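Morning, everyone. Let's take a quick tour of the model on the screen.

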Amino acid sequence: MYRILNKRELNPTVTMMDIYAPLVAKKAQAGQFIILRVDDDGERIPLTVAGYNREKGTVKIIFQIVGGTTMRLNQKNEGEFIADFVGPLGCATKTEGLKKVCIVGGGVGCAIALPVAQKLYEQGAEVHSVIGFRNKDLLILENEFKACSSKLTVMTDDGSYGKQGVVTLPLKETIESGERYDEVIAIGPLIMMKFVVATTRPYNIPTTVSMNPIMIDGTGMCGGCRLTVGGKTKFACVDGPDFNGFEVDFDEAMARSSMYADFEKRERDAFCNLFKKEAN
Amino acid sequence: MALQPKKHPMPVQNPEVRARNFGEVALGYDDKTAVSEAQRCLNCKNRPCVEGCPVNISIPEFIAKVKQNDFEGAYQIISKSSSLPAVCGRVCPQETQCESKCTLGIKFEPVGIGRLERFVADYHNVNFSGDIAVPEPNGHKVAVVGSGPSGLTCAGDLAKKGYKVTVFEALHIAGGVLVYGIPEFRLPKTIVQKEVETLKKYGVDIQTNVVIGKTLTVDELFGEGYEAVFVGSGAGLPRFMGIPGESLKGVYSANEFLTRSNLMKAYREGAHTPIMHAKKVAVIGGGNVAMDAARTALRLGAEVRIIYRRSMEELPARKEEVEHAEEEGIRFELLRNPVEILGYNNPDDRRDPQNGYVCGITVIKCELGEPDEKGRRRPVEVAGSEYIIDADCVIMAIGTSPNPLIKNTTEGLEVNRHGGIIVEENTGQTSKEGVYAGGDAVTGAATVILAMGAGKTAAKAIDEYLSAKE
């Protein structure tokens, strides 16, 4: 059992938790992920590490409440326990040698992008960040990004905060204005990462994306998380989750991610109905 | 009394009924049948059956106890050699091991050794309530990586010698392939749990949710005072064929399909982990894992075909599993090789929810050619013989390649060109001092009992290694 030491709502659909898991906290690095189960009959879901405190033995997770499992997780409060928490899994984001990097985060993906930005900042790199959200209410981690970026651009789809538009707009503008990035690191919805790659490809700027496919064991056993990268089958859990964005087959990844859409909707509805009953 | 030429048949669930449930297929002997089967044993002097057993159970001796109605006595004899008798009695390929050597088998059917082992273990699990004699601790600590058959066996043997053993398991529950791979209808999970509980009574500590190679490394285990490490991390990444369409929705590796059903209980109504309830499933491969995947898909409501590129004669699965599959209505498409998996694509509607799902599989007919290096006749494709089989789900059961996590994080641990850990056959000793390995991590996909044999060999070698160090 793993205790929730701290819980905070970042916006109505995104929650942050610090989980007491000293063995995981000791090893976790930016870019890696964990797998958790909320309770004994729960499903295993991967969440990317959003931070860690090695002294306190805690690992920070930030999750969007999208399906049955994240709804159940969000029901848990400070001091309560979740059944399983295993990691750190996958490979850490490679940051060695990078001097100037643009971090592009979309929605809850910003939670994963933040520790990468912080790590780059701590190693002395110049960090530009572009973070995008649907609207002002969904904005998260602005101050945290500000603290580790020499330049921060906030975008919203509806213009309710920052600039209106998608994250690729300022990215393209900056590149065209002559800014030379060693690398662009994009973390967010698949469609956003696909367009970031389309933006950087003509300029041949190395672009890393963090993939978050459907996964069960997360240790290289089930093969559910496979992706086509550079024409080869790769497994996000052991080969990733970071990949060269130019080589990822995003259309295939998007199709595969919707495999259980119907089931997930039923799970969500079932949970909401249960919740309504409890409230009555 | 005249000698019965045939084994007493194993009572099984009716095929039509069991094809719709996940209850155990084989129901086990009752007392009377067990004693009567035991009486078929000739108790011959040279005991060839013992040689045929990878863990060398004293087979004639335990059978003699069954004859005398002393079932607990029989269990005590088996448990000296095997840590998981209720598991082995169910999943061992006895027909190629102990039973294949049985003297009775020269003229008649061999003694049903596996069935008797299962009977004895089940009897013990239901009836035994005494205390286990926990051995005096010898002050040495050993770490075991993985709680599958090799790890549990190694842990059990060492614990019985007084070692303080900790087993590190990556998943949330102990058992490895016994819980994520082998289906409930062949090996009920309560039985695995029972065997694990028995090991705990011997003092084995099981730490779940620890991935060696990630959470902790092998070298860190030595740093924490473990004096030897056994690596039984099991099979790794599933293989795919590299044909078009393998990333379509509805294509599974057998590992994923079985893990969803077995470990995550996706077969149950109301489970939180999804699994596809397909109508027409094509399983690619002919091993035991292919049979397990096919029979699971059948129970989830599908019409199932097994596609295998050689003929029935070369099919590597256990005969009993193949027979059970056939009885349940699974069709075998033999001498067929998949060429492409076809996906649905509505040209008029890009948003059609069916787009991207499997809708068929193109196969090509094969003939058997010259034998390959293993002596199995090689399938040769017949040009122009392709045709399409209807399917909305394809399960790839064509093997696995070893998991890279431990190899990548353990300096000095040598692996072969397939990625399997290199060991000395008689000891399980790896290229790194104090590190032993066994099971699928060494051999690639093999059987439960071979993994257990390797765990046993390593436990003996670890004991000798640590005793010599004193």
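Start with helix α13 of chain B. Its buried residues pack against β15 (226-229) of chain A, and also against α10 (177-180), β6 (251-253), α14 (288-299), β14 (393-396) and β15 (400-401) of chain B. Helices (H or I, at least four residues) and strands (E, at least two) are DSSP runs, numbered from the N terminus. Buried means under 20% relative accessible area, exposed means over 50%, and partly exposed is in between, with a 1.4 Å probe and protein chains only. The helix spans residues 254-263 of chain B, and 10 of its 10 residues are buried. Among them are B:F257, B:L258 and B:R260. Just after α13(B), B:K265 takes a positive phi of about 60 degrees.

Some ground rules. This is a predicted model: local features need pLDDT of at least 70, side-chain atom pairs count only at pLDDT 80 or more, and totals for chains, interfaces and linings use all residues. Residues are numbered from 1 along each chain as its sequence is written, chains are lettered from A and ligands numbered from 1 in the order in which they are written, and side-chain values use heavy atoms, with hydrogens and water left out.

Now the two chains together. How many residues does the contact take from chain A and from chain B? It takes 41 from chain A and 39 from chain B, where contact means heavy atoms within 4.5 Å. Chain A and chain B bury about 3,500 Å² between them, with 57% of it on carbon and sulfur atoms. Buried area here is the accessible area (1.4 Å probe) that two parts lose on being put together, summed over both. On the chain A side, A:M221, A:R226 and A:M259 lose the most area to chain B, together 19% of what that side buries. The count between chain A and chain B is one salt bridge. By the rule used, that is a side-chain nitrogen of Lys or Arg within 4 Å of a carboxyl oxygen of Asp or Glu. B:E220 forms a salt bridge with A:K27, and the closest N and O atoms are 2.6 Å apart.

Next, inside chain A. Chain A is divided into domain 1 (2-89) and domain 2 (100-257). Domain bounds come from an automatic or database domain assignment. The C-alpha centres of these two domains of chain A lie 21 Å apart. Between them, about 1,600 Å² is buried, and carbon and sulfur atoms give 65% of that. In domain 1 of chain A, A:A30, A:F33 and A:T48 lose the most area to domain 2 of chain A, together 25% of what that side buries.

Chain B has three domains listed: domain 1 (15-127), domain 2 (141-236 + 402-469) and domain 3 (240-400). In chain B, 33 Å separate the C-alpha centres of domain 1 and domain 3. Their contact takes 13 residues from domain 1 of chain B and 13 residues from domain 3 of chain B. The buried area between these domains of chain B is about 1,000 Å², 52% of it from carbon and sulfur atoms. In domain 1 of chain B, B:R18, B:A19 and B:F22 lose the most area to domain 3 of chain B, together 53% of what that side buries. Three salt bridges are counted between domain 1 of chain B and domain 3 of chain B. B:R18 also pairs with B:E327 in a salt bridge, with the closest N and O atoms 2.8 Å apart. Both B:R18 and B:E327 belong to a network of salt bridges that includes B:E95, B:R186 and B:D292.

More on charges. Side chains of opposite charge can pair when their charged atoms come close. Over all chains, the count comes to 38 salt bridges. Take B:R305 and B:E333: their closest N and O atoms are 2.5 Å apart. B:R305 lies in strand β8 (residues 303-308) of chain B and B:E333 in strand β9 (residues 331-334) of chain B, so the pair ties together parts that are 28 residues apart in sequence. Buried or exposed? B:R305 counts as buried, at 17% relative accessibility, and B:E333 is buried at 10%.

Contrast another pair. B:E464 and B:K460 meet in a salt bridge (3.6 Å, N to O). Both lie in helix α18 (residues 448-469) of chain B, four residues apart, about one turn of the helix. B:E464 counts as partly exposed at 47% relative accessibility, and B:K460 as exposed at 52%.
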